[in-house]
Amino acid sequence: MSKPSSLPLLPWLPTFFLFAHLFHASLADLGTASQYSPPYTPTECYGGDATQFPSSNFFAAAGEGIWDNGAACGRQYLISCINSVLPRACKHGETIQIKIVDRAQTALSKPTKEGTTMVLSNAALAAIADPNAPSLNIDFRQV
């Protein structure tokens, strides 16, 4: 008895690779973001420690969906704006890296919209969208 040949599958390989390329799984999640203004301290993660903030001032407070009982503290995310209720608010093609330093629910400053995935610092939101946008739909991925 001879072994079955794998040659009959060869004609299907290009089709397989085409579909694998077109329908690859995204590593990012979709969420929402709003912004908050100073004062940013004390934070739930680091209290009054001024060294908690990255030099870029791109940081955020975690919404309950990603807070994870405080495990979100220090996590870094790549985020970009998808759209907003404010027309043409997004700076398409802009992606920034933010650091979670606080919990949105207990932040000293209140966000422009409650219940979002992340509440971005003024600098972080302005880097990816019009700062007048009350909230954004975002693409985010932990790094």
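Two strands count as paired if DSSP finds at least two bridges between them. I began my entries with this rule, and I note that the model is a predicted one.

**Entry 1: strand pairing**

I looked up the partners of strand E4, residues 95–103. Strand E3, residues 76–84, is joined to E4 by five bridges, and these two strands run antiparallel. Within this pairing I located serine 80, whose bridge partner in E4 is threonine 95. I then turned to E2, which four bridges join to E4 in a parallel arrangement. Here alanine 61 has aspartate 102 of E4 as its bridge partner.

**Entry 2: glutamine 52**

I next examined glutamine 52, which sits in the loop between strand E1 (29–36) and strand E2 (59–62). Is this residue buried or exposed? I found a relative accessible area of 2%, so glutamine 52 is buried. Its side chain reaches the backbone oxygen of aspartate 49 at 2.9 Å. Setting aside neighbours within four places in sequence, I listed the contacts of glutamine 52 as Thr41, Thr43, Tyr46, Gly47, Lys99 and Val101.

**Entry 3: aromatic rings**

I counted five aromatic pairs. One of them joins tyrosine 36 and tyrosine 40 edge-to-face, at 5.0 Å centre to centre and with 75° between the planes. Both of these tyrosines are buried. Tyrosine 40 also pairs with phenylalanine 53; this pair is tilted, with 6.4 Å between the centres and 55° between the planes. Tyrosine 40 and phenylalanine 53 both lie in the loop between E1 and E2, so the pair ties together parts that are 13 residues apart in sequence. I checked tyrosine 40 separately: its relative accessibility is 16%, and because the limit for a buried residue is under 20%, tyrosine 40 counts as buried. I recorded one aromatic cluster formed by Tyr36, Tyr40, Phe53 and Phe59.

**Entry 4: nonpolar cores**

I then asked which residues have the most contacts inside the largest nonpolar core. They are Ile79, Ile98, Met118 and Leu120, in a core of 26 residues. The elements that give two or more residues to this core are E2, helix H2 (64–67), E3, E4, strand E5 (118–121), helix H3 (122–128) and strand E6 (136–142). H3 supplies the largest share, four residues.

For isoleucine 79, I left aside neighbours within four places in sequence and noted contacts including Thr95, Ile96, Ile98, Met118, Leu120, Ile128 and Phe140. Apart from this core I found another, of eight residues, among them Phe59, Ala61, Ala104 and Val119.

Technical notes: Residues are numbered from 1 along each chain as its sequence is written. This is a predicted model: local features need pLDDT of at least 70, side-chain atom pairs count only at pLDDT 80 or more; totals for chains, interfaces and linings use all residues. Side-chain values use heavy atoms; hydrogens and water are left out. Buried means under 20% relative accessible area, exposed over 50%, partly exposed in between (1.4 Å probe, protein chains only). A polar contact is a pair of N or O atoms within 3.5 Å; within protein, one must be able to donate a hydrogen and the other to accept it, and residues adjacent in sequence count only if both atoms are side-chain atoms. Contact means heavy atoms within 4.5 Å. Rings of Phe, Tyr and Trp (its six-membered ring) pair if their centres lie within 6.5 Å; planes under 30 degrees apart count as stacked, over 60 as edge-to-face and the rest as tilted. A nonpolar core is a set of buried Ala, Val, Leu, Ile, Met, Phe, Trp, Tyr and Cys residues joined through side-chain atoms within 4.5 Å.
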